[in-house]
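Me: Here is a model to go through. I will ask what lies behind some of the labels attached to it.

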Amino acid sequence: MSDTLRPAMRRALGAVSVLALAVSGPLAISSLASAAPVPASASASASASASASASASASASASASASASASIFASGGDLASPEKKEIAMQIVSTAENSSLDWKAQYSYIEDINDGRGYTAGIIGFCSGTGDMLELVERYTNSVPDNPLAEYLPALRKVDGTDSHEGLGSGFENAWREAAGREDFQAAQNSERDRVYFDPAVNQAKSDGLGALGQFIYYDAIVMHGPGTSQDSFGGIRSAALQQAEPPAQGGDETAYLKAFLDARRVVMKQEEAHADTSRIDTAQLVWLNDGNLDLHTPLKWAVYGDPYEIN
């Protein structure tokens, strides 16, 4: 990505790095219990009656199943549904790349001087935090003949640092070359889901949160990474749980999410690269205060002062 695509991120030192859950299948149709023996004269009538009853039961169950599935998607409660996931990718891209066009970010790579080395790709994989290394390793395991494979030794060496040793312009060009290939785009999507999206959505659903809460978890794990340390996603969630209970524990969803955002804001302000909390204050908190727990469109927000909208 050219520098012009991240002007806001450069001003704020930018955020850095963290398919779908299956909707419950059709409702089971209970089999009818066998009736006690009846006189032969009544057998045909009873059989016909049982058949009609079974047919009605099956029809009612199928109708209930369709209604249940429809209500799940109509409620907007599943961030992993295709429509909601696309929205989530766009929102995160505005904070990570100052653009709604998240698919244009496969080829993005630069050092934003946040101490994490290179930041690259659709989710901000970093050479200094391990997730870029894991991405390239898994990609090379599947596609040995790829432009990035020769840089694996260097990526292993710089992991945990902000060093570019053994990488530099050659690696940057290799990343952009690989990003033009569908197999590397698929690898980025897969790693994003494996490390960030799926764990965030799974945990949010377990906590009884709707689509907005699922997104709030996802955005947090993207920036802070998985884990249990105080400044990781797990640490932020633990801090929130000390202040409020999630819906799964009988708590109020809005109150819990506000506690989570408050806990995250504290962690963000502890690091200069993350000190701008507009992705919370003028985006997620706005939707929460509006009561948009299902993350329905239209959505309007601002990140680093730049306005965005999804209709």
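Me: What covers the buried residues of H9?
Reply: This is a predicted model. The cover over the buried residues of H9 includes H7, helix H8 (211-224) and helix H10 (253-268). Those buried residues of helix H9 (residues 233-241) are Phe 233, Gly 234, Gly 235, Ile 236, Arg 237 and Ala 240.

Me: Which residues make the contact of H9 and H10?
Reply: H9 contributes Phe 233, Ile 236, Arg 237, Ala 239, Ala 240 and Leu 241. From H10 come Tyr 256, Ala 259, Phe 260, Ala 263, Arg 264 and Val 267. By class, the contact of H9 with H10 has 10 nonpolar, no polar and 2 charged residues.

Me: Which residues of H4 and H7 meet?
Reply: On the H4 side they are Asp 131, Glu 134, Leu 135, Arg 138 and Tyr 139. Those of H7 are Asp 183, Phe 184, Ala 187, Gln 188, Glu 191, Arg 194 and Tyr 196. By class, this contact of H4 with H7 has 5 nonpolar, 1 polar and 6 charged residues.

Me: Which side chains make a polar contact with the side chain of Asp 219?
Reply: One is the side chain of Arg 264, at 2.7 Å. Another is the side chain of Arg 279, at 2.7 Å. The cut-off for such a pair of N or O atoms is within 3.5 Å. Not counting residues up to four places away in sequence, Asp 219 touches Val 92, Arg 264, Arg 279 and Gln 284.

Me: How do you know whether Asp 114 is buried or exposed?
Reply: The relative accessibility of Asp 114 is 11%, and buried means under 20%, so Asp 114 counts as buried. Asp 114 is found in the loop between strand E1 (109-110) and strand E2 (119-120). A polar atom of its side chain lies 3.0 Å from the backbone nitrogen of Arg 116.

Me: What is the phi of Ser 98, and what is that of Tyr 304?
Reply: Most residues other than glycine have a negative phi. Ser 98 has a positive phi of about 55° although it is not a glycine. Tyr 304, not a glycine either, has a positive phi of about 55°. Ser 98 lies in the loop between helix H3 (82-97) and E1. With 14% relative accessibility, under the 20% limit, Ser 98 counts as buried. Tyr 304 is in the loop between E4 and strand E5 (306-310), and at 10% relative accessibility Tyr 304 counts as buried.

Me: Where is the peptide bond that is cis?
Reply: The bond from Thr 297 to Pro 298 is cis, with omega near 5°. Pro 298 is found in the loop between helix H11 (278-289) and strand E4 (299-303).

Methods: Residues numbered from 1 in each chain as written. Predicted model: local features only at pLDDT ≥ 70, side-chain atom pairs only at ≥ 80, totals over all residues. Heavy atoms only, no water. Contact = heavy atoms within 4.5 Å. Helix = DSSP H or I, 4+ residues; strand = E, 2+ residues; numbered from the N terminus. Nonpolar A, V, L, I, M, F, W, Y, C, P; charged D, E, K, R; others polar. Buried < 20%, exposed > 50% of the residue type's maximum accessible area, 1.4 Å probe, protein only. Polar contact = N/O pair within 3.5 Å; in protein donor to acceptor, adjacent residues only side chain to side chain.
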